[in-house]
Amino acid sequence: MKFVIRNSEFTIHNSNYKLQITLALAFAAFVLYLRTLAPDVLDADSGEFQFAAWNFGFVHPTGYPLFLILGGAFQHLVPLGNPAFRLNLFNAILAALTIGVLYLAMYAITKQRVASVIAAASFAVTRTFWYDASAVEVYALNALFITILVCIALQCQAKLSARKFAFFCFTFGLALTHHRSMLLWIPAFALFFAIVADQFRIPTKNLVRPALRFGVYFLVPFLLYLYIPLRAPASPYATLALAPGRDLVLFDNSFSGFVNYFLGRTFQGELRWDATSIVRLAALPQLFLDQFGALGVALGILGFIALLARRAWALVALTLTAFAATILFASFYHIGDIAHYYIPAYLVWTIWFGAGLAVIPDLISRTLAPHANAGVTHPASRIPQYAIYFAYLLAAACLLYQLTLNLPLADRSRETQPREQWTRLVAAPIPANAILISNDRDEMMPLWYMQYVEGARRDVLGLFPLITPDRANIAQLTDSVLDANRPIYFIKPMPGMEIKYDLQRFDYSLVQVLGAANHTPRVASNAVIGERVRVLGYDLAREGNMLRVTLYLQSRVKLASNYTAFAQLDGSRGGKIAQGNDHQVGGEFYPSSMWAVGEILRDAHTIELPPDAMPGTYRLFVGMYRQPDFDPLGDPVEVGWVDLQ
């Protein structure tokens, strides 16, 4: 093997190692991901896919039928570990294949193996992709489709043919049956092929029939979506029995229900431009520094400039359009796990990164030995060659730094908490047919896995907000099951829920819901705070120098903010004597922004009386304000009198 400089290209002669390098990179990535792989059931979407694929069932919109079919088959055919681990393993294989295919794409662009290897390896250890590769998620297969499509597009650019383009259309349609974010790549690939068609001088006349034929190739994979209405009704969790004659229907198996599911209308309300969008855009530099490091960011910028200098307009249009579409969509889309949606942008940056690394030999040759050529044997001609070696070694060292930096954040090999938590909960003396409630769908998924894969406590019903659209928060959910005549438990303490329910600690972390709280105050009032919250009355209880005041509040309008409440005693002639413990009403789990208009809530305050408090009658004032700007809901209002003896 001989390394030479020829025509400003760093090449390897006398052998063709493309396939070997591809397989070696994929295998190395797989070994790395296997080392950091989660060993068991997980929470959130990962846990959902682990039991849904095993049952060949359905998941949240927009469905992911291809992943469920492939993943379920892998779970049933590969006898390694439990089904949860098998799906994690399947995802690691997909992620490793992505790295191998990415190398092929990089080599097609740069024609330089070392630069392509380093670029593909750099993407393999980006923080977010590595984290997703270490446990089941849908983003590895999405990234694999993107790299395959880029490879096919580059082959079409080299030699356009109807067969290649038909294969591209079919693959793109298949990708859309997995993840709908592939829609963001349609303008990018459309621009790419428009430029390629112009380069090949393809006439635009008489394209109707070919377009229809390619459209068929694109649409055929969408038949996979028939999996959803065919399999969803057979899923053990499609309908949950709440009480005799009362079911929770989780999949509407009607035409309109399927259309809503297919289009993901549940999430349409999350698309908006607001202050969070601007914050996300401002955070982009740090985001890419976290993924690639400073050198990786610099090489990405250099690579984009190099593509412009090469007039590689088709590739520039493809990558820049896809990059911008991904970044803008991630800014608009307000879901909790939005970090994963940046992975396609990291893929684009890797392409630029590789292009930047590949141009270094030419830059060094021009700078250090402008008159050197391949036939010169003068020692000075070796300077650029050594400089090139040094540049690649520096990039490899930065790659090692990137790996070391991201390993602790991507390593999920010790992620056993979901199994441990639910093993303890399921082992608790929970009565038969109990309802377990969490405020978070994500932490309920391991229970569903243990039920629908391992058969544990199938009598117990695990629920969470938005399990159906009319149960938007934990209070609406709990209210809807109070009359089901089943024991009800919160799976953890939820400070603030005591404003609606009588609660009692049970076992381990469980809290039993005894029923709705009493809403009848002993002392009536008709005060209104800021014309928005009515104080219906209060209860008083005194222990020593501690006065417990329980307020009964009713929201007259929908409150947009979470408010902190206070209660204070004033002397009969004015002047504050004592004030209670200011706190956010409803705590973390039922703050004022969640309250329904008209519902009555009780809010407890403890006022420490000063030692020198004289017996007498004091005025009780109540108010609310917003943190952290202390913007009041309105002026404090007097709600009654307190006699201290």
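Guide: What follows is a short talk about strand pairing and cysteines in this predicted model.

Visitor: OK, how many bridges join E3 to E4?

Guide: Strand E3, residues 239-243, and strand E4, residues 246-249, run antiparallel and are joined by four bridges, and within this pairing alanine 243 has arginine 246 of E4 as its bridge partner.

Visitor: And what's in the turn of that hairpin?

Guide: Two residues lie between E3 and E4 in the hairpin, and glycine 245 in the turn has a positive phi of about 80°.

Visitor: Switching to the open sheet, what's the order of its four strands?

Guide: The order is E10-E11-E12-E16, and the pairing is antiparallel. Strands E10 (523-529) and E16 (600-608) are at the edges with a single partner strand each, so one side of each has no neighbour in the sheet. From one strand to the next, the twist averages 30°.

Visitor: How do E10 and E11 pair up?

Guide: E10 pairs with strand E11, residues 533-543, in the antiparallel sense over five bridges, and alanine 524 stands opposite glycine 537 in E11.

Visitor: Now the cysteines: how many disulfides does the structure hold?

Guide: The structure holds zero disulfides. For cysteine 169, the closest cysteine sulfur belongs to cysteine 156 and is 8.8 Å away, which is too far for a bond, given that a disulfide needs the sulfur atoms within 2.5 Å.

Visitor: Is cysteine 169 buried or exposed?

Guide: Cysteine 169 is buried, because its relative accessible area is 8% and buried means under 20%. Cysteine 398, by contrast, is partly exposed, with a relative accessible area of 27%.

Technical notes. Residues numbered from 1 in each chain as written. Predicted model: local features only at pLDDT ≥ 70, side-chain atom pairs only at ≥ 80, totals over all residues. Heavy atoms only, no water. Pairing = 2+ DSSP bridges. Axes fitted to C-alpha atoms, helices over the stretch in contact; angles between N-to-C directions. Buried < 20%, exposed > 50% of the residue type's maximum accessible area, 1.4 Å probe, protein only.
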